[in-house]
Amino acid sequence: MKDLNNYIESNKDRFLNELIDLLKIPSISADTAYSQDVLHTAEAVKKSLTEAGCDNAEICETKGYPVVYADKIIDPNLPTVLVYGHYDVQPPDPINLWDSPPFKPVIKPTKLHPDGAIFARGACDDKGQFFMHVKAVEYMIKNNTLPCNVKFMIEGEEEVGSDSLAGFLDDNKEKLKNDIILISDTGMISMENPSITTGLRGLSYVEVEVTGANRDLHSGIYGGAAPNPINVLAKMIASLHDENNHITIPGFYDKVEIISDEERAEMAKAPFDLEEYKASLDIDDVHGEKGYSTSERFGIRPTLDVNGIWGGYMGEGAKTVIASKAYAKISMRLVPNQDWHEITDLFTKHFTSIAPKSVKVKVSPHHGGQAYVTPIDSIGYQAAAKAVEQTFGKSPVPQRTGGSIPIVALFEKVLESKTILLGFGLDSDAIHSPNEHFGVLNFLKGIETIPYFYKYFAELNA
Ligand code: BES
Ligand code: MN
Ligand code: MN
C-alpha cells in the first residue's frame, strides 16, 4: 500500500471537486418538492461508482426512493464487504442560520479543522462519508490491490426512516450476501483520540395531538373555564420525567440492558472532557438522568425528548386566543433489548391515560428501529481497529454513540451479518444543523484508512 498516500495526495483536489458536485444536489428526502433532486443524486452516485471501476452499477427501484447498487467481485472465494451509506440529506432549515448556502459547498478553516472543512448539507451526513468508500475502492481497483469483493448499497431514505429498505433487503438477500457490512455514518471522539462506534441507539418517534374545544376561543371570554390544550400538553409532557430525570412511563425500563459496573468502568476510560463538552455547547451545566455520567446518558441509557411543539398563535404581536389543538413531536432513544414497537405501545397507553377528561389525545407513530451493539472480539472489529491504528498511529477506543441508524439491526436479522461503524465525523460537525461541515483531513484520512480495513479483513479471514 506504499503508493496509497501518493494516490491520495495527487488526486485530492479531484476527490474534493467530485464530492462538491454531489453536495450541490439538494437530495432532501423529507420534502417531496425535492424528489427530482433525490433521483438525480441517485444517478450521480451510480455514475461515481462506475467511474471508480465498479461493475453492475444499477439504480434499484423500491417502493420509495431507489437504492444504488454496484459491486466488484474479484473472486467468489474471497470475503465480501458490503458498504452501506445514504445519499439523502436532512432539510437545511432554518436556512437563515447558515453562513453560506447549504447547497453551495465552500471550504474554509474552523478551530477544529484548521486545514479546512467542507460546509454543505450532507458534507458529513452522509455524502462526504460514503464517498470516502467510493474513492478508497477506486484506489484499490486502479492499483489492483482490492483484497476482498465489495458491494455498495447506498440508499435514499435513511433520514426519513429507511421505510423501503426492509423490503429491498428481503427481496435481495442473495445479491446483498456478504461477510461484513461496513458503514461510515457516525463519528469519532477526535483526530487525536480515534474511536470506533460499537453501539447505536434504537428509536421510537411519535407525534401527539391534544384537542380541546371544537374551535379556537377568545382567551378572555373562555380563559380559565375551557380546557387549554397547550397548557394541558405542556403539563403532560413535563410529567414524563420525574425529579431524577427518569422517564415515568410504566414498563419503559423493564427490558433495558443491564451493564455491569465492570463494563461501565471500562467504558469510562474513553476520553471525555465535561468542561470542553459544556464549553462547546455554551451551557453552564449538563442535564440528564441521575446516577449516570454524560457519556452514559447518551451511550447506554434510553431517553425521551420533545423535538418540536406547537399550537396557537405564533405570528407577530399578540393575539388573545385559546387554541383548539396543540401538537408535539417526541423521540425516544432506546437501548439494547428495548423493542421499539413495544415502547411505542407503552408510550401511547400511558400518554392517553394521563390526559384529563377535558381534552382528546391522539398519538401517531412515525418511525423507529432497534438498537444495535457490535461485538469487539470479531474479525471485523479487529480489522477496523488495526486499520485505524495504522493511519492514526493510535489504537482506537470502542464507544457507543447516541444516534440511530435503525436499518443496522435489520441487517443482522435479514442479511445475518455484523456491521462495523467506521465513522470519521466529529460531534462538532453540526450534522442536521445549520453549517454542517466535514473536515478535509477527516475525509482524506478516511480514504486512507478504508483500504487497510480491506487488507486486514482479508488477512484475518484467510
Ligand atoms: N448518521 C446519522 C446517525 C448518527 C450520527 C449516528 C452520528 C451516530 C453518530 C443518521 O443519518 C441519522 O441522522 N439518523 C437518525 C435516525 C433516522 C431514523 C432519522 C437519528 O439518529 O436521528
Ligand atoms: Mn447519516
Ligand atoms: Mn442523519
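Asp-125 bridges two manganese ions, ligand 3 and ligand 2, which sit 3.6 Å apart. Keep in mind while you look around that this is a predicted model. Asp-125 lies in the loop between β5 and α3, while Glu-159 lies in the loop between β6 (149-155) and α4 (165-171), so this pair ties together parts that are 34 residues apart in sequence.

Start with the manganese ion called ligand 3. Its protein donors are Asp-125 (OD), Glu-159 (OE), Glu-159 (OE) and His-432 (NE2), at 2.1 to 2.5 Å from the ion. Read along the chain, the donor residues follow the spacing D-x33-E-x272-H. Six donor atoms surround this ion, and the angles among them run from 56 to 154 degrees, which makes the site irregular. For reference, ideal angles for six octahedral donors are 90 or 180 degrees.

His-86 belongs to strand β3 (residues 80-86) and Asp-125 to the loop between β5 (117-119) and α3 (127-142), so the two of them link parts of the chain that are 39 residues apart in sequence.

While you're at Asp-125, check the backbone too. The peptide bond from Asp-125 to Asp-126 is cis, with omega near 5 degrees. Asp-126 is in the loop between β5 and α3.

Next comes ligand 1. Which residues come nearest to ligand 1? Of the 16 around it, they are Glu-158, Asp-185, Arg-333, Ser-404 and His-432. For His-432, an N or O atom in the side chain is 2.8 Å from an oxygen atom of ligand 1. Ser-404 uses its backbone instead: an N or O atom there lies 2.8 Å from a nitrogen atom of ligand 1. On its own, ligand 1 would expose 520 Å², and the protein buries 88% of that.

What kinds of residues make up the shell around ligand 1? Four are nonpolar, seven are polar and five are charged. Both domain 1 (4-200 + 371-461) and domain 2 (203-256 + 302-368) supply at least three residues each to this shell.

A few backbone details round out the tour. There's a cis peptide bond between Asp-93 and Pro-94, with omega at about 5 degrees, and Pro-94 is in the loop between β3 and β4 (106-108). Asn-245 has a positive phi, near 60 degrees, despite being a residue other than glycine. You'll find Asn-245 in the loop between α5 (229-238) and α6 (261-267).

Finally, take a look at both ends of helix α7 (residues 274-281). At its start, a side-chain oxygen of Asp-273 reaches to within 3.0 Å of the backbone nitrogen of Glu-275. After α7 comes Asp-282, with a positive phi near 60 degrees.

Methods. Residues are numbered from 1 along each chain as its sequence is written. Chains are lettered from A and ligands numbered from 1 in the order in which they are written. This is a predicted model: local features need pLDDT of at least 70, side-chain atom pairs count only at pLDDT 80 or more; totals for chains, interfaces and linings use all residues. Side-chain values use heavy atoms; hydrogens and water are left out. A residue is near a molecule or strand if one of its heavy atoms lies within 4 Å of it. A polar contact is a pair of N or O atoms within 3.5 Å; within protein, one must be able to donate a hydrogen and the other to accept it, and residues adjacent in sequence count only if both atoms are side-chain atoms. Accessible areas come from the Shrake-Rupley method with a 1.4 Å probe; for residues, only the protein chains shown count as cover. Ala, Val, Leu, Ile, Met, Phe, Trp, Tyr, Cys and Pro count as nonpolar, Asp, Glu, Lys and Arg as charged, and the others, Gly among them, as polar. Domain bounds come from an automatic or database domain assignment. Helices (H or I, at least four residues) and strands (E, at least two) are DSSP runs, numbered from the N terminus. Donors are N, O and S atoms within 2.8 Å of the metal (3.2 Å for Na, K and Ca); water is not among the atoms, so sites may look incomplete. Four donors count as tetrahedral if all angles lie between 85 and 135 degrees; four count as square planar and six as octahedral if opposite donors are over 155 degrees apart and all others between 65 and 115; anything else is irregular.
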